[in-house]
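Visitor: I would like to go through this model and ask what stands behind each label. Please show it first.

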Amino acid sequence: MKIVFSFLILILSFQGLRAQAETDSVTQVKPAGFPVIANDTLFYLQQGIGPYSAEERVNQINRKLADFISNENQTADSLKVFKNNTSQDIMIHGTIIMSVTDKDADQLGLNLNRTTNYYFELLKEGLTKEVVFNWKGLIINILIALLILGAFLYGLKYYNRFFRAIYIKIHAQEGKRIKNIAVKNYQLLKSDVLTSIIIYAAKGLRIVVLVLVIYLLLPILFSLFPWTQGIANTLFQLILTPLKKLAVGLLGYMPNLLTIIVIVAVTWYFMKLIKFFRVEIENERLVVPGFFPDWAKPTYNILKGIILALVLIGIFPLLPMGESDSFKGVSAFFGLLIALGGASAISNVIAGVVVTYMRSFKIGDRVKIGDVVGDVKEKSLLNTRIKTIKNEIITIPNSNLLTSHTINYTTANDEDGLILHTTVTIGYDVPWRQVHKLLIDAGLKTDLIKKLPKPYVYQTSLDDFYVSYQLNVRTRDIDKMSRIYSDLHQNIQDGFNAAGVEIMSPHYRAQRDGNQSTIPQENLPEDYVAPWFRIKKE
């Protein structure tokens, strides 16, 4: 890079020597304004006209004068003056070269007519003046051009060597400073791939810098010769104009940029403060009366979303295109799409917030939501995921949680345990005390059932054909509810069969003569024989 900088310094030095040779060491003070040139500098203008600035106005005048000079069929005698109400125009064959206004007259301290005549005479003299070709200056410029090209070609050799050395050093760092990039357990980029990417980037930088140097070199070479100075000015303008606009825009945007930086910095530290309190409350190191620890994370997320939304609203007008109609139109369009297409999602989000503060359940709880029974595995703003005893993952939208009842078996599991219940129906011919005893004995024989408090039975209804008996037992192992129910039903069947009590549900006919008992064969007496039908004749 030192070679490139040295090369540019050399070019600027040659340009200085050229300028010094042309002016013969005479120091001149540049007048204010922009020069109007026709073979030579004729005069300077400081005032713009209409929507054009002074610089744009002068550039148009110079372009028209250059077209006139390049046309050999036109002479300066074609210059005419046409007077209007507010200005006077200097024209050639119907083409306005320049318009003279009262501001131009005030600049010279003359009236409008005398100012127009002054500029008219200067233009006519400049267009009729013969240009004396300077062979001495041309030879000097040719030598300067050859020196610049020689220096460029000489520096290009070391420029290529410099980048080849960079490529070798990049390869040498593979596996050392250039290591694999991994996100958790996923390997995003290997070191060899990352090395290739860096080398390609370096090659791209080499081409960009070389093109930039050549682009800067061409206007300098073109400016050495009169017949290519227009090309040089155009190339320089292509670089300087966007850079100038960029610099002006950046300076004008600095107050807004500083405001955005201050807002972002304050928001960043405020969010860190809120996060600190969230962690303290979540770990129960900070106790706020009436505020539960499991509310800390969702409350933090809600505050975070509100704060970020307010910050976005605050910095939105400060963005470079924030006030443009197109930007506002696109923003309104996306807002309308979200409003129309995200109604259900927004309702789920609101329901998720409500469910969170209702504290109906938390992660790991055994719940029943509608007809779904299982353990809560995930709870988000949009939905809740339940894992059933069949290892099925069921996703329930949060809006459904507000319209259906939720049973939480975990929070109901206090010191006495969760009460499980099942119902059997027995005919009226069996004494209820016997049924109570058989059911309680079946409950006590079941594993994972608490012996104290003792199981108990409710007679829930007296129906047309049978009595409904509800057995209530307690357990602390709510995650094994299905197994407990299965074992309990087995013990009820075994107990009733052993006692010779038939479970006839929902109902049966009272006539039993001639029918085989419904009790399993292994529980019947060895000499059991199905009875005959008895018919009595009077």
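Visitor: Which residues form a nonpolar patch on the surface?
Guide: This is a predicted model. In it, Phe270, Leu273, Phe276, Phe277, Leu286 and Val288 form that patch. Together they have about 520 Å² of accessible area.

Visitor: Why is Phe277 called partly exposed?
Guide: Its relative accessibility is 39%. Phe277 is in helix α7.

Visitor: Why does Glu280 count as buried?
Guide: The cut-off for buried is under 20%. Glu280 has 17% relative accessibility, so it counts as buried. Glu280 sits in helix α7, residues 229-282. Beyond its neighbours within four places in sequence, Glu280 is in contact with Arg285 and Leu286. Leu286 is also one of the patch residues.

Visitor: What makes Arg278 and Glu282 a salt bridge?
Guide: The closest N and O atoms are 3.5 Å apart. The limit is within 4 Å, so the pair qualifies. Both residues lie in helix α7, four residues apart, about one turn of the helix.

Visitor: Are Arg278 and Glu282 buried or partly exposed?
Guide: Arg278 is at 19%, under the 20% cut-off, so it counts as buried. Glu282 has 33%, between 20% and 50%, and is therefore partly exposed.

Visitor: How many salt bridges does a search of the whole structure find?
Guide: Nine. Among them is Lys437 with Asp441, with the closest N and O atoms 2.9 Å apart. These two residues are separated by about one helical turn, because they are four residues apart in helix α12. Lys437 is at 53%, over the 50% cut-off, so it counts as exposed. Asp441, at 28%, counts as partly exposed.

Visitor: What makes Arg483 and Asp487 a salt bridge?
Guide: The N to O distance is 3.8 Å. That is within 4 Å, so the pair qualifies. Arg483 and Asp487 lie in helix α13, four residues apart.

Visitor: How do you know that β8 and β9 pair?
Guide: Pairing needs at least two bridges. β8 and β9 have four, so they pair, in the antiparallel sense. Lys368 stands opposite Val373 in β9. The two strands form a hairpin with two residues between them. Gly370 in the turn has a positive phi of about 65 degrees.

Visitor: What makes β8 and β12 a pair?
Guide: They share three bridges, and at least two are needed, so they pair. The sense is antiparallel. Lys368 stands opposite Ile407 in β12.

Note on methods. Residues numbered from 1 in each chain as written. Predicted model: local features only at pLDDT ≥ 70, side-chain atom pairs only at ≥ 80, totals over all residues. Heavy atoms only, no water. Buried < 20%, exposed > 50% of the residue type's maximum accessible area, 1.4 Å probe, protein only. Contact = heavy atoms within 4.5 Å. Patch = residues over 30% accessible without salt bridge, like charges linked within 9 Å, V, L, I, M, F, W, Y side chains within 5 Å. Areas by Shrake-Rupley, 256 points an atom, 1.4 Å probe, with all protein chains shown as cover. Salt bridge = Lys/Arg side-chain N within 4 Å of Asp/Glu carboxyl O.
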